[in-house]
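Me: I would like to learn how to read the aromatic rings in a protein model. Could you take me through it step by step?

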Amino acid sequence: SAYQTFYIKDETKLNPYYLWLYFKRPEFDRYARYKSKGSAHEFFEFDEMCRVKIPLPPIEIQRAIVNIYKCANEAKQIAEEADQLSREVCPALLQHVIHS
């Protein structure tokens, strides 16, 4: 219920989505849980967050990484939709082939 937020002052040096992707990784989640304080509730303090070393490639590389991630997610969504559509359409096609 009590947490701090932060923002990026200079987006020409750090892409917000790149940072989000870094924090989203399971490795970062494990690190944050390991470094957190508390028992029933875990608290990953902002001071500890400031100690995290984030690899910072040039902004063009950060943007490329974000674009690759977005394309991969879009491809995954298209594949899921195609799979669902094929499951719906294939039985009808088979019925047509059998009765033709």
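Reply: What follows is a short talk about ring pairs and the charges over rings. This is a predicted model, in which local features need pLDDT of at least 70 and side-chain atom pairs count only at pLDDT 80 or more, while totals for chains, interfaces and linings use all residues. Residues are numbered from 1 along each chain as its sequence is written, and side-chain values use heavy atoms, with hydrogens and water left out.

Me: How many aromatic pairs are there?

Reply: Rings of Phe, Tyr and Trp (its six-membered ring) pair if their centres lie within 6.5 Å, and planes under 30 degrees apart count as stacked, over 60 as edge-to-face and the rest as tilted. By this rule there are seven aromatic pairs. One of them, Phe28 with Tyr31, is tilted, at 6.2 Å centre to centre with 35° between the planes.

Me: Where do Phe28 and Tyr31 lie?

Reply: Helices are DSSP runs (H or I, at least four residues), numbered from the N terminus. Both residues lie in helix α2 (residues 26–35), three residues apart, which is about one turn of the helix.

Me: Which kind of pair do Phe28 and Phe44 form?

Reply: Phe28 and Phe44 form an edge-to-face pair, with 6.1 Å centre to centre and 90° between the planes. Phe28 lies in helix α2 and Phe44 in the loop between α2 and α3 (46–50), so the pair ties together parts that are 16 residues apart in sequence.

Me: Which residue lies over the face of Tyr22?

Reply: A charge sits over a ring if NZ of Lys or CZ of Arg is within 6 Å of the ring centre and within 35 degrees of the ring normal. Arg25 lies over the face of Tyr22, at 4.6 Å from the ring centre.

Methods
Helices (H or I, at least four residues) and strands (E, at least two) are DSSP runs, numbered from the N terminus.
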